[in-house]
Amino acid sequence: MTLLATVLGQDLETGDDGVLRIARKVAADRVISTVGPQARHGHKTRHRGFEGYKGHLALDPDSEIITDTQATPGNTGDATPTPTLISDLTDPPADTPGTTPAGDPVVYGDCAYGVGEVLALLHDAGIDVKTKVQAPVAPGGRFTKDTFTIDLTTATVTCPTRVAITIRPITGHSRQAGQADFGAVCADCPLRAQCTTSKTGRHITISRWEIYLVTARTRQQDPGWKADYRATRPKVERKIAHLMRRRHGGRRTRMRGLKRVAADFKLLAAATNIVRFATLGLTHQPQGWALT
């Protein structure tokens, strides 16, 4: 009965007169199947959608072995399962006596993982961040956010005409920490047309993770950073392509329910790892497993 009420209720809304009507919108977290109630609408791109679940994986770029997998409903953001996928780096087990760490851990990821929460997690864990961060954009080719100088020490934002505005704190918001409102300053600005079309002037929003985002964007301009990223990131894409091969069935789920889908995805990853072990020359010797 609960499922039936959810399916019916998500297409209805109560009007001002208290009468139920067909909703002229898509319900948030919409249930799309009665036999798979955890499946959701998802989007690969703005114009390319799918229905069902998302598979996420972590990969050791040196050996190309999948170290962990997660399955989530299709509308889950790519960065959401990241803490679980890299828990072996952020919360490693106690060192085994007689062993020496191979080096500082590094995490690579595309722009989907370059969000404030993930960057803060990596920074706090002492991990070298090789996660790409999306560059700021502005409509019509106008001044982007990085054209402004954000000084968190003095809590000011300076525009291209060198006018500084104090950041106004925002409380109770999960992602925004403050905002700089240029307001009347924009009225007589000679660069207004290149900056904003808003009647209230330009507004610069400050993220709760602004320091991590700015640092990451600055770091990824380094040629050495770019070369390392370009040499390593394709290994992950290649491994995903291995999982999606038609004979492996990785593109479509063969189970119903998130737990079964997650278990099946782990099984697929394990089979892919076995193939990789064979490629690496892993054999069983009298002394145990070894790479030839």
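This report walks through the cores, cysteines, a pocket and some single residues of one predicted model.

Residues are numbered from 1 along each chain as its sequence is written, and side-chain values use heavy atoms, with hydrogens and water left out. Because the model is predicted, local features need pLDDT of at least 70 and side-chain atom pairs count only at pLDDT 80 or more, while totals for chains, interfaces and linings use all residues.

## The nonpolar cores

A nonpolar core is a set of buried Ala, Val, Leu, Ile, Met, Phe, Trp, Tyr and Cys residues joined through side-chain atoms within 4.5 Å. Buried means under 20% relative accessible area, exposed means over 50%, and partly exposed lies in between (1.4 Å probe, protein chains only).

The largest core has 12 residues. Among them are Phe-143, Phe-148, Val-157, Cys-159, Ile-204 and Ile-206. Apart from it lies another core, of 11 residues, including Leu-122, Val-129, Leu-213 and Ala-216.

Contact here means heavy atoms within 4.5 Å. Leaving aside neighbours within four places in sequence, Val-157 is in contact with residues including Phe-148, Ile-165, Phe-182 and Ile-206. Ile-206 lies in strand S13 (residues 203-207). Helices (H or I, at least four residues) and strands (E, at least two) are DSSP runs, numbered from the N terminus. Ile-206 counts as buried because its relative accessibility is 4%. Not counting residues up to four places away in sequence, Ile-206 touches Lys-145, Leu-152, Val-157 and Arg-175, among others. Ile-206 and Val-157 are 49 residues apart in sequence, and their C-alpha atoms are 9.5 Å apart in space.

## The cysteines

How many disulfides does a search of the whole structure find? It finds zero. A disulfide is a pair of cysteine sulfur atoms within 2.5 Å.

| Cysteine | Closest cysteine sulfur | Sulfur distance |
|---|---|---|
| Cys-159 | Cys-189 | 5.9 Å |
| Cys-195 | Cys-186 | 5.7 Å |

The sulfur of Cys-159 is too far from that of Cys-189 for a bond. The sulfur of Cys-195 is likewise too far from that of Cys-186. Cys-159 is buried, at 11% relative accessibility. Cys-195 is buried too, with a relative accessible area of 13%.

Cys-195 is found in helix H5 (residues 192-195). Leaving aside its neighbours within four places in sequence, Cys-195 is in contact with Arg-142, Phe-143, Phe-148 and Arg-202. Tyr-212 is 17 residues from Cys-195 along the chain, and their C-alpha atoms are separated by 25 Å.

## Helix H4 and strand S7

Which residues of helix H4 (residues 116-124) are buried? They are Gly-116, Val-118, Leu-119, Ala-120 and Leu-122. Their cover includes helix H2 (82-85), strand S6 (106-109), strand S7 (128-131) and H6. Just after H4, Gly-126 takes a positive phi of about 70°.

Strand S7 holds Asp-128. Asp-128 counts as partly exposed because its relative accessibility is 31%. Not counting residues up to four places away in sequence, Asp-128 touches Pro-105, Val-106 and Val-107.

## The second largest pocket

About 300 Å³ of space lies in the second largest pocket. Of the 15 residues that line this pocket, the closest to its centre are Asp-146, Glu-210, Val-214, Arg-217 and Thr-218. On a 1 Å grid over the protein atoms alone, a pocket is an open set of points with protein on both sides within 12 Å along at least five of seven lines, and lining residues have an atom within 4 Å of a point.

Strand S8 (149-151) and helix H6 (210-219) each supply at least two lining residues. H6 gives the most, with five.

Most residues other than glycine have a negative phi. Glu-64 has a positive phi, near 60°. Arg-162 also has a positive phi, near 70°.

Glu-64 lies in the loop between strand S4 (48-60) and strand S5 (65-73). Arg-162 is found in the loop between strand S9 (156-158) and strand S10 (164-166). Is each one buried or exposed? Glu-64 is buried, with a relative accessible area of 10%, whereas Arg-162 is exposed, at 73%.

Definitions and conventions. On a 1 Å grid over the protein atoms alone, a cavity is a set of points where a 1.4 Å probe fits but cannot get out, and a pocket is an open set with protein on both sides within 12 Å along at least five of seven lines; lining residues have an atom within 4 Å of a point. Grid points are joined across faces, edges and corners, and a volume is the space filled by probe spheres set on the points.
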